[in-house]
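Subject: Structure handover, with notes on helix packing

Hello,

Below is the structure you asked for, followed by notes on what was found in it. Please read the notes with the model open.

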Amino acid sequence: MTVDQAAGARDTAPRSAHVPVVIVGAGPVGVTAALLLARRGVRTVVLERHHDIYPLPRAVAADDEVRRILQAAGVGDEFAAIARPARGLRLLDGQHRVMAEFPRATQGAHGFPQTSMFDQPELERLLRDALARRPECDLRTGVEVVGISVGVAVGPGVGIGGGVGIGVGQDGNGPVRVTFRRDGVEEHLWADAVLGCDGAGSLTRDAVGAGWQDLRFEERWTVVDVRTSAPVRCWEGVEQICDPDRPATFMRVGEDRYRWEFRLRDEPEPDHERLRELIAPWVDPSYGADLEVVRQAQYTFRARIADRWRRGRVFLLGDAAHLTPPFIGQGLGAGMRDAHNLTWKLARVLQQGADERLLETYESERKPHARHAIRLAVTMGWAMTGGQDGAAALRRGVLGAAFRIPGLPAAAARDLSPALAAGPLVRRRALRRARGRGLVGGICPQPWVTADGWRVRLDELLGDSFAVLTAAPPSPSLRAVADGLGARTVAVAGLGDDGRLSAWLREGRADAVLLRPDRVVMDEVPSGAADFTDIAGWAPLLHSARKPLPAQQTTDTSLLRSATR
């Protein structure tokens with residue numbers, strides 16, 4: 001080979017670089033994951049095949065926990081400007097008579113309306129604007145990821161973290177090579193971790209070696225987004241029409257925007273005239289000329305979950321890991337919970353040398369939770385259709401009677417996001433499980449609190465790391481635990497929250513709780529005790545080879561600084 005030929009070969013060879021985390025997919029879940037990692041100082045490259053955001057609406061609902069996650073990602077105020085609170089969910093029969101109602105409060109336990117409607121393109125735009133402001137994030141659009149190699153040997157000259165090239169075994173715990181094409185040129189990135197946020201057709205899922213588990217729901221629906229100034233009969237919430245002949249969903253999304261979803265059988269997509277007939281119960285047909293169809297698309301609603309969510313340092317999030325029918329509005333929410341659960345653990349492993357087993361808790365915590373949400377959605381789907389057999393009317397009648405039991409709708413609404421099951425980072429004692437008591441595994445409420453004259457939400461006081469909330473003077477050992485984790489310790493008395501946190505601890509029979517960065521209660525100090533119940537159970541996973549990062553602050557007041565200890 002001549003010198004010129006060698007130079008030409010070098011020009012066309014795949015380019016390689018190293019980055020701590022590569023995120024495949026720049027939808028809401030992928031960008032939120034990047035923002036959450038950025039707040040912990042972790043650099044990411046986000047690879048997206050489209051050049052810009054998808055301009056048409058898809059997801060339209062978020063619960064208060066999702067809004068809290070957006071707050072953690074640094075876009076809570078921006079989202080509030082585009083969101084519209086909704087009153088809840090109603091189940092109606094075929095004659096549009098109310099069978100059951102699930103009210104949603106204007107301020108839930110997380111400090112936000114329990115249901116908010118929004119336009120997904122607006123959400124994606126504000127997320128990308130926030131991403132552009134973070135120097136830790138590099139968004140590359142118009143690129144096609146064509147390969148993800150897990151646990152492969154690093155080629156000569158390709159250093160990891162600036163080091164020399166090394167060989168890695170096939171256990172999947174080595175660096176990950178991501179291959180992509182941009183402008184016809186093939187490039188490589190070597191990453192310490194890869195997050196697959198690339199949707200239902202995920203290439204990352206193939207790299208993980210995951211398959212789908214079918215949870216037995218598949219129906220073809222048409223989704224219609226409409227803009228109109230005509231009078232629309234609605235109650236400012238979501239309506240599910242429980243009619244086996246024509247099940248439907250209706251909701252108001254914005255000032256003049258509405259969405260209808262209709263199940264299709266063996267029939268074509270509704271034309272304009274047929275669409276006017278379908279929406280006639282809500283809109284007088286005489287206003288048909290005023291209807292602007294923003295989008296009309298067919299979807300096959302499915303219930304599936306990946307049989308594995310991880311291989312080594314490659315993880316699945318969002319639709320790459322689970323697919324749910326939309327009937328309880330938890331499709332986007334499940335993916336956002338994935339990002340919130342995984343990112344703090346990954347940051348602790350990458351930056352502070354925490355035990356690799358910490359990453360195993362992502363799937364063990366999130367998979368049962370996502371499965372629960374999917375099954376609730378499937379149950380709601382069957383409530384809407386009632387099936388096709390002769391007992392359908394009987395089942396719908398039983399359903400309607402059941403939901404007239406006082407307190408049951410509210411209880412069902414709370415079940416949308418239950419406490420995490422017991423595990424390495426959820427130290428729930430057997431006695432408390434038997435009695436149905438205890439706070440461990442649930443998420444701490446987020447009231448407004450007063451800090452040096454400032455009114456802020458609780459998470460703004462606590463920062464992005466671990467935190468200890470205590471209603472009693474902390475013992476020396478509790479202080480030592482907090483110091484070891486870099487956790488902020490806050491006494492709940494005198495926070496100006498109308499006693500909400502004190503009452504929450506009292507109801508849970510706890511003097512103090514240890515909050516994870518995702519605000520899940522990891523452990524507790526039972527009333528009258530001095531220490532957490534099982535430090536030996538979770539401490540080995542969180543032990544850091546490097547010094548913990550100092551507790552971060554998100555509000556600059558002297559009281560916030562003094563509240564660190």
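Helix α2 (residues 28–38) and helix α5 (residues 120–132) have axes that come within 10 Å and cross at roughly 25°. Axes here are lines fitted to C-alpha atoms, for helices over the stretch in contact, and angles run from 0 to 180 degrees between N-to-C directions. Helices (H or I, at least four residues) and strands (E, at least two) are DSSP runs, numbered from the N terminus. The two helices α2 and α5 are therefore roughly parallel to each other; angles under 35 degrees count as roughly parallel, over 145 as roughly antiparallel, 65 to 115 as roughly perpendicular and the rest as oblique. Their crossing is left-handed, meaning that the near helix is turned anticlockwise from the far one by less than a right angle, with clockwise being right-handed.

On the α2 side, the contact (heavy atoms within 4.5 Å) is made by Pro28, Val31, Thr32, Ala34 and Leu35. On the α5 side, Gln120, Leu123, Glu124, Leu127, Arg128, Ala130 and Leu131 take part. Sorted by class, this contact of α2 with α5 has eight nonpolar, two polar and two charged residues. Ala, Val, Leu, Ile, Met, Phe, Trp, Tyr, Cys and Pro count as nonpolar, Asp, Glu, Lys and Arg as charged, and the others, Gly among them, as polar.

Please note that this is a predicted model, in which local features need pLDDT of at least 70, side-chain atom pairs count only at pLDDT 80 or more, and totals for chains, interfaces and linings use all residues. Residues are numbered from 1 along each chain as its sequence is written, and side-chain values use heavy atoms, with hydrogens and water left out.

Next, helix α8 and its partners. Helix α3 (residues 64–72) packs on helix α8 (residues 331–352) at an angle of about 40°, with the axes 10 Å apart. That makes α3 and α8 oblique to each other, and the crossing is left-handed. Glu65, Val66, Ile69, Leu70 and Ala72 of α3 meet Gly333, Met336, Arg337 and His340 of α8. The classes in this contact of α3 with α8 are five nonpolar, two polar and two charged residues.

His340 of α8 counts as buried at 12% relative accessibility; buried means under 20% relative accessible area, exposed over 50%, partly exposed in between (1.4 Å probe, protein chains only). Not counting residues up to four places away in sequence, His340 touches Leu36, Ile69, Ala72, Pro517 and Asp518.

Helix α8 also packs with α9, at an angle of about 160° and with the axes 10 Å apart. These two, α8 and α9, are therefore roughly antiparallel to each other, and their crossing is right-handed. The contact of α8 with α9 has three nonpolar, three polar and five charged residues.

Tyr362 sits in helix α9 (residues 360–385) and is buried, with a relative accessible area of 0%. Beyond residues up to four places away in sequence, Tyr362 touches several others, including Trp309, Phe315, Asp338, Asn341 and Lys345.

For the protein as a whole, there are 17 helices and 25 strands. Buried residues make up 55% of the 565 residues. Of the contacts with a separation of 6 or more, 73% are between residues 24 or more positions apart.

Regards
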